[in-house]
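Keep the structure in view while reading.

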Amino acid sequence: MGRTPVLDRGRNVSRRWTALVAMLACTATAGAVIGATPSDADTAGRAAATAVPTAGPLDNHTVEVGPEERIFGPSGLTDFPFFSERTASGKLLGFISNNDSYSVTSKRNNAKLVRPRVILRRGRAGSFDKCGAWLIGSIHKRGSRWMALYHAEAAGRGDNNRCIYRDQSTVSSVGRAVSHDSGRTWQKTGQVLTQDSDMTGPKSEDLAMGRLVQYGEFLYFFYAASDSNTNTTRGLHVARSHVDDLGARGTWRKWHCYKPSVLADTQCDFGGTGNEGLGGNSNPMRNINPMARGIIPNSYLNRNVALHASGSSGHRLYVSNGIASNPPLDGSDPTSGTTAWTSAEPIYPPVSNSSDRLVDNWDRTTRTKQLYAYPSIVSVTGNSSTSGQVFYIYYVKLFPGGDFTDRYLMRRKVTITSGAGVNRVALTTYFRRSDGRRRTSTERPMESAFKAAGGEGFLAGESVSGYSQVFECKKRKDYLLRAVACGGRERPVRRVGWISPDPDPATEATVPIYRCFNRAKRNHFASDSRSCDGKGRREVRLGYGLPPA
């Protein structure tokens, strides 16, 4: 048996009416080809919180996920959650990172990103950011004066000042940077947050990436870390600093649980002692995956929302219990059971199953499948501080067999509508003019020559009782959709959604979807037209999909 060629040996719904506990699967992490993936990439899923209750703030809403769009790549530069900000003059700037941080020119509200320019470089040998400086959204702005935090990594103990990402030995913390010209140039001001006092690890203990959000008079920073160097299970932690202090060193305090006095009950908040930003104690939030740290207020729901995106467990939208203007924090009484989060809503399906080691695999080979990482939420106008009824989800993606030089920054438009219904994802046919071939899926083909030719209705983005799974399958150069499972000689590309085998008005499954075949080109595609739009012969009805929400 031949050995699989290694591309790069880097670092290692249920619906309201069904009962499916949310999966919070995790993935292993590994290094990159160009620069290096932040070594905290997406490992904290294994540390996720307790099972998420089925009831939540989205119970009377439906989530519609649009077609996948490619906005940047292939490139080795996009390796961190994307965000964008507007200057006082209205110019929209995008921000991407990999070891160094870049601003990019945004076209058509981030539909395309061009001309990356370095704005924040990794530090010198021996510094806390020697191995990388990844700028974190969102940015706190006062006119032309901007302040941001950045994810920093240093060489690990015993590594002779080398950045060895593969064995997770780099040490992560958070630095601060300021700009006095609306984000054009940046100056570092030093380290402001660490999870332990001596920065010795282990890696899973260190303070990883995060998200900066202002609520009232405070700046809140949500990040992944563990409680201590003996408990390496990661959770979502929070630190805050008063807005007047602009996030300066020495002004941060962590949310932690403590006893105000010997006889007092334990309480959890930002008070007490021993919870300073540099090396102080902290405790995690419950009921949220720490990889869903890209928290953003949503004005339509009047809640805070966050996204966890992976190939192993699919895309899941978290919604807070509290209103959007309040920071999502668990109750001050740890025995009360009051939590900031209860809902993890599945909105896009997993590639295969949570035990498939070829999915979300950072050790890339020609056999590895899709990889998703670094999700974020940005408004339709490019605002990274708030979102509305319609917003975009962004994520870094590798296609099957793709190397780390082939990273893409992708996005999808998400629309939330009032009224309980099946969460759905757009089924789209793509056309390649050069050879006339078509391909239908809920993910766009990697080849840029394929252009969206039309929508074919929607598939369920979550498991629904009575529905069948739909897979995209490949046989030689032909891609085709099959309900239930791929054929014996076909290779599964991914699960693309769920479909009802029969009309089901109760769940709105009323749109017939057919598999079609163009004999001349030996090419399958799907259509919601019984005549296959005149492009081929109807082969079979796959089932009944959904209309727009």
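Q: How many bridges join strand β14 to strand β15?
A: Strands of a sheet pair through backbone hydrogen bonds, either parallel or antiparallel. Here nine bridges join β14 (residues 218-226) to β15 (residues 234-242), and the two run antiparallel. Two strands count as paired if DSSP finds at least two bridges between them. Strands are DSSP runs of E, at least two residues long, numbered from the N terminus. Across this pair, Tyr223 stands opposite His237 in β15.

Q: What kind of model is this, and how are residues numbered?
A: This is a predicted model: local features need pLDDT of at least 70, side-chain atom pairs count only at pLDDT 80 or more, and totals for chains, interfaces and linings use all residues. Residues are numbered from 1 along each chain as its sequence is written, and side-chain values use heavy atoms, with hydrogens and water left out.

Q: Which order do the strands take in the sheet that holds β14?
A: The order is β13-β14-β15-β16, an open sheet of four strands with antiparallel pairing. The edge strands are β13 (208-215) and β16 (253-254), and each pairs on one side only.

Q: Why is one side of β34 and of β35 left without a neighbour in their sheet?
A: This open sheet of three strands has the order β34-β33-β35, with antiparallel pairing. β34 (523-527) and β35 (537-545) are at the edges with a single partner strand each, so one side of each has no neighbour in the sheet. From one strand to the next, the twist averages 20°. The angle is taken between N-to-C directions of axes, which are lines fitted to C-alpha atoms, and runs from 0 to 180 degrees. Seven bridges join β33 (residues 511-518) to β35. Phe517 stands opposite Arg537 in β35.

Q: How many salt bridges does a search of the whole structure find?
A: Side chains of opposite charge can pair when their charged atoms come close. The cut-off is a side-chain nitrogen of Lys or Arg within 4 Å of a carboxyl oxygen of Asp or Glu. The search finds 18. In one of them, Arg411 pairs with Glu69, with the closest N and O atoms 3.1 Å apart. That pair links distant parts of the chain: Arg411 is in strand β26 (residues 407-418), Glu69 is in strand β3 (residues 69-75), and they are 342 residues apart.

Q: What else can be read in strand β3?
A: Pro74 is found in β3. The peptide bond from Gly73 to Pro74 is cis, with omega near 10°.

Q: Where is the other cis bond, between Gly137 and Ser138?
A: Ser138 has its place in the loop between β8 (132-135) and β9 (140-142). Omega for the bond joining Gly137 and Ser138 is about -5°.

Q: What is phi of Asn160?
A: Phi is near 55°, a positive value in a residue other than glycine. Asn160 lies in the loop between β10 (145-154) and β11.
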